[in-house]
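Trainee: Please take me through how to read a model like this one.
Mentor: We will go feature by feature.

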Amino acid sequence: MKVRINPDREVDGMPLRVVNPVKGGFYPDGEFELSDKDLRNPSVIRLLPPVSAGGIPGGKFGDLVPVKGAAKAEKKG
């Protein structure tokens with residue numbers, strides 16, 4: 001899933017920085033890919049928005065947001 005840090009959030013007038021709960025350190029600026037393993041980790045999932053806000057089941061905070069219009073994997077067959 002392609003995501004980015006929520007551009008609508010700020011801390012003390014500065015852009016939000018989000019810590020990667022798996023690897024430590026900050027997530028990068030701009031768009032980046034969350035792996036399937038990340039999307040199975042509850043600590044990562046809760047950084048995404050809830051389903052009602054365009055996120056995924058288990059999403060809670062919305063610090064990371066899915067990138068709109070990102071290409072989805074094609075089904076073969």
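Mentor: The lining of the second largest pocket comprises six nonpolar, three polar and two charged residues (nonpolar: Ala, Val, Leu, Ile, Met, Phe, Trp, Tyr, Cys and Pro; charged: Asp, Glu, Lys and Arg; polar: the others, Gly among them). This is a predicted model, in which local features need pLDDT of at least 70 and side-chain atom pairs count only at pLDDT 80 or more, while totals for chains, interfaces and linings use all residues. Residues are numbered from 1 along each chain as its sequence is written, and side-chain values use heavy atoms, with hydrogens and water left out.

Trainee: Where is pLDDT under 50?

Mentor: Where pLDDT is low, the predicted coordinates should not be read in detail. pLDDT, the predictor's confidence in each residue from 0 to 100, stays under 50 over residues 73-77. The chain mean is 89, and 90% of residues reach 70 or more.

Trainee: Is Ile-56 buried or exposed?

Mentor: Buried means under 20% relative accessible area, exposed over 50%, and partly exposed in between, using a 1.4 Å probe and protein chains only. Ile-56 is buried, because its relative accessibility is 15%. Beyond four places in sequence, Ile-56 touches Met-1, Leu-39, Ile-45, Leu-48, Pro-49, Pro-50 and Val-51.

Trainee: What is the relative accessible area of Asp-12?

Mentor: Asp-12 has a relative accessible area of 78%, so it counts as exposed. Its phi is near 50°, a positive value in a residue other than glycine.

Conventions. Contact = heavy atoms within 4.5 Å.
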